[in-house]
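Let's take a walk through this protein and see how some of its side chains meet. Have a look at the structure first, then read on.

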Amino acid sequence: MNWKALLYNTYLDSLAFFRVKIALFFSFLFPLMLFVIFCTIWGRANSAYIEFLLPGMIVLMSISEGLFSVGPVIKDYYASGMIKLIKFLPVDIALFFISFICSRLVFFLLSVLLLLITAKVFFDYSAVAIYPRLLAGSILSLVTFSLLGLCISFLSKKDNSRTLSNIVYFILIFIGNLFYATGIQSGVFRFFQDFLPTNHLVAFMRSENFNLLVVFAWIVVLAIAFRLLFHKIRYSRS
């Protein structure tokens, strides 16, 4: 692999991201604002809530990144014909997508770092002891919801993609114990909590009861689904 070309393409993708003001706001400022507000209300006298909220905010950011930044962008590359153009450039198309993923991962991990710095500066909370678990959970979350975003984008038409993404976004937030513990331990609600990857990801980062097999199963199924959807659309356009 041409590492120099990979780093240069990642750098170019990063510059393009910085030019999109709304993406910067929702990737960096909005999660920090929510974290500060919730911790100010409920975490001042309860450091356990800050420890509880951190993984929830990381999963929230990964859901937003996957559904609204990764999936739609890749779909637009394909729908606009940019993929065909890239094939004629002196750049390997695989290298192009790897650099795009690397740039998204860099920005996501940077937003997680800013979240941890905010916890330390504003609330004197240090998450050093759980850094490895938070890092692993962050990467797993980004991979899972990026694949979900890709499937939604390629499954739906352009006009309906944003609507479907919003619906899935709010369902995942409502079902998951991101901001507070629901306390519901039975019924259909509990079934969906165990079925969806959201709760298992936050539970993993909180060192609670979790099942990473559910997360890996989602990753495998979504990866296969995206491959099938991609080939189906490609053949229908030929």
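Let's start with a charge and a ring: R133 has its charged end over the ring of F204, 4.9 Å from the ring's centre. To count as sitting over a ring, NZ of Lys or CZ of Arg must be within 6 Å of the ring centre and within 35 degrees of the ring normal. R206 does this too, lying over the face of F52 at 3.6 Å from the ring centre.

A quick word on where this comes from: the model is predicted, so local features need pLDDT of at least 70 and side-chain atom pairs count only at pLDDT 80 or more, while totals for chains, interfaces and linings use all residues. Residues are numbered from 1 along each chain as its sequence is written, and side-chain values use heavy atoms, with hydrogens and water left out.

Back to F204, which is one of the buried residues of helix α9. Helices here are DSSP runs of H or I with at least four residues, numbered from the N terminus. Buried means under 20% relative accessible area, exposed means over 50%, and partly exposed is in between, using a 1.4 Å probe and protein chains only. How many residues of α9 (residues 197-205) are buried? Nine of its nine, so the helix is mostly covered. After α9 comes S207, with a positive phi near 60°.

Now for the rings. Two rings of Phe, Tyr or Trp (its six-membered ring) pair if their centres lie within 6.5 Å; planes under 30 degrees apart are stacked, over 60 edge-to-face, and the rest tilted. That rule gives 13 aromatic pairs. Here are two of them:

| Pair | Centre to centre | Angle between planes | Type |
|---|---|---|---|
| F154 and F226 | 5.2 Å | 80° | edge-to-face |
| F191 and F192 | 5.5 Å | 75° | edge-to-face |

F154 belongs to helix α6 (residues 131-155) and F226 to helix α10 (residues 212-237), so their pair ties together parts that are 72 residues apart in sequence. F154 is buried, at 4% relative accessible area, and F226 is buried as well, at 18%. F192, on the other hand, is partly exposed at 36%. There's also a cluster of aromatics made up of F38, W42, Y49, F52 and F179.

Finally, is R104 buried or exposed? R104 is buried, with a relative accessible area of 7%, and it lies in helix α5 (residues 93-123). The side chains of R104 and E65 are joined by a polar contact of 3.2 Å. Such a contact is a pair of N or O atoms within 3.5 Å; within protein, one must be able to donate a hydrogen and the other to accept it, and residues adjacent in sequence count only if both atoms are side-chain atoms.

Technical notes:
Helices (H or I, at least four residues) and strands (E, at least two) are DSSP runs, numbered from the N terminus.
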